[in-house]
Amino acid sequence: ATVSMSVHEQLALRHRAVLPDWLAVYYRQPIEITHGEGRYVWDAQGRRYLDFFGGILTTMTAHALPEVTAAVTEQAGRVLHTSTLYLNRPMIDLAERIARLSGIEDARVFFTTSGTEANDTALLLATTYRGSNQVLAMRNSYHGRSFTTVGITGNTSWSPTSLSPLQTLYVHGGVRTRGPFAHLTDPAYIDACVEDLEDVLDQAQGRVAALIAEPVQGVGGFTSGPDGLFAAFKRVLDRRGILWITDEVQTGWGRTGEHFWGWQAHGASGPPDILTFAKGIGNGLSMGGVVARADVMNCLTANSISTFGGSPITSAGALANLTYLLEHDLQGNARRVGGLLLGRLQAITAGLSCVREVRGRGLMIGVELNTPEQATDVLEATRGGGLLVGKGGHGGAVLRIAPPLTLTVAEAEEGAEILEAALKQVESGRQGS
Ligand code: PMP
């Protein structure tokens with residue numbers, strides 16, 4: 001029989017043939033997204049999806065936000081010149097705004113092109129500042145794909161090597177409802193984590209440079225410790241001169257609703273020493289960065305530049321994106337619509353035995369299934385229903401919901417209905433489409 005393959009089907013085979021085997025791809029039949037608008041994207045077959053994952057939280061405001069498109073187009077039409085060797089107005093404007101928003105006093109900003117590179121830079125700063133390559137990270141964490149950042153990634157399914165230029169010590173606290181402290185009350189949980197931290201530090205040989213942590217673990221499945229955990233950690237770190245790096249790659253820009261940054265749920269002992277960001281700020285453009293106290297940022301003595309970090313084009317786009325976010329109070333929208341969506345999902349899943357937990361804050365909601373297979377089946381079924389969600393957690397049993405922050409109540413309802421149908425389909429044992 002003649003097998004005729006569509007151009008799209010051929011694309012999947014070509015992808016497999018030329019890209020690495022370890023490159024993770026969603027869905028049994030991978031999706032080719034051709035365009036987007038608002039909270040929706042379309043695939044090569046013309047199917048429309050409500051986007052509850054926004055390219056792993058890169059679509060911060062909306063797909064094809066006209067303000068961002070206009071800023072990028074205008075800048076690209078003027079000059080494509082880049083490199084930090086020259087002054088660049090959009091980059092400086094953006095740096096000033098981010099420095100002010102960061103909550104870090106006397107803040108300096110350095111732009112990168114990804115979250116990985118931002119964390120890499122943060123580690124370069126912290127290890128140089130402290131004269132040590134020993135760092136603390138959280139179990140189940142994810143911080144990037146470079147040699148240094150896989151070395152602080154506790155989620156072993158994303159950490160392909162145990163070799164590292166860093167000596168990493170892992171501590172508890174990122175997953176409230178699993179592990180040895182899960183049964184404790186919030187204050188007792190924090191005490192137990194602090195005791196674990198002190199214990200690890202007492203046993204560490206030599207100096208420890210920094211603790212790096214996501215306020216809410218992203219790839220780890222949208223899990224976190226109780227509010228105040230890092231404030232309690234900071235008291236211990238401060239006594240020993242250890243820096244606190246907050247990785248806000250997923251939690252920044254108001255996504256968690258209550259706060260502009262995730263660290264602010266842990267602000268009682270003061271701001272972090274270093275903050276890293278990426279993803280959402282560029283609304284899809286490759287931009288990341290590091291904010292640090294001036295004495296920490298300026299501890300490097302050799303010259304450094306970035307050819308593409310803070311390029312005028314990505315900076316102009318990010319500036320337009322950030323302006324839109326602030327002018328439309330999207331943090332408030334994340335709090336309101338996210339709160340409704342969380343309540344709705346908790347109600348939907350109350351009677352479902354395949355669901356272990358629904359948790360989240362703002363528009364960062366995790367639905368944990370009992371098994372990774374169930375999560376995969378729900379992912380397939382939601383796709384069939386016209387909804388994109390993400391996956392995460394150790395082994396991948398958690399559905400990750402993180403729509404663009406302009407999500408409307410009607411769209412939240414629409415997504416919840418598709419998810420409900422998908423969950424019920426998997427609950428009743430029928431496989432995903
Ligand atoms: N930190 C966190 C918390 C992340 O979620 C990610 C990406 N998933 C990164 C760092 C790495 O960012 P990038 O993929 O842009 O290098």
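A residue counts as buried if 20 or more other C-beta atoms lie within 10 Å of its own, as exposed if 12 or fewer do, and as partly exposed in between, with C-beta atoms placed from the backbone. The model is a predicted one, so local features need pLDDT of at least 70 and side-chain atom pairs count only at pLDDT 80 or more, while totals for chains, interfaces and linings use all residues. Numbering starts from 1 along each chain, following the sequence as written.

L57 is found in α2 and has a positive phi of about 70° despite not being a glycine. With 25 other C-beta atoms within 10 Å, L57 is buried. I56 also belongs to α2, and its phi is positive too, near 50°, again in a residue other than glycine. I56, though, is partly exposed, as 17 other C-beta atoms lie within 10 Å.

Next comes the sheet. Seven strands form an open sheet with mixed pairing, in the order β4-β10-β9-β8-β7-β5-β6; two strands pair if DSSP finds at least two bridges between them. β4 (107–112) and β6 (167–171) sit at the edges with a single partner strand each, so one side of each has no neighbour in the sheet. From one strand to the next, the twist averages 20°, taken between axes fitted as lines to C-alpha atoms, with angles from 0 to 180 degrees between N-to-C directions. Strands β5 (residues 134–138) and β7 (residues 210–213) run parallel and are joined by 3 bridges. L136 has L211 of β7 as its bridge partner.

Around the ligand there are 16 residues, of which S114, G115, T116, G218 and V249 come nearest; a residue is near if its C-beta atom, placed from the backbone, lies within 6 Å of the molecule. Helix α5 (residues 115–130) gives the most to this shell, with 3 residues.

Helix α13 (residues 409–427) has 19 residues, which should span 27 Å at 1.5 Å a residue, and its end C-alpha atoms agree at 26 Å apart; the expected span is 1.5 Å times one less than the number of residues. Among its buried residues are E411, I418, L419 and Q425. Just after α13, G429 takes a positive phi of about 90°.

Key: Helix = DSSP H or I, 4+ residues; strand = E, 2+ residues; numbered from the N terminus.
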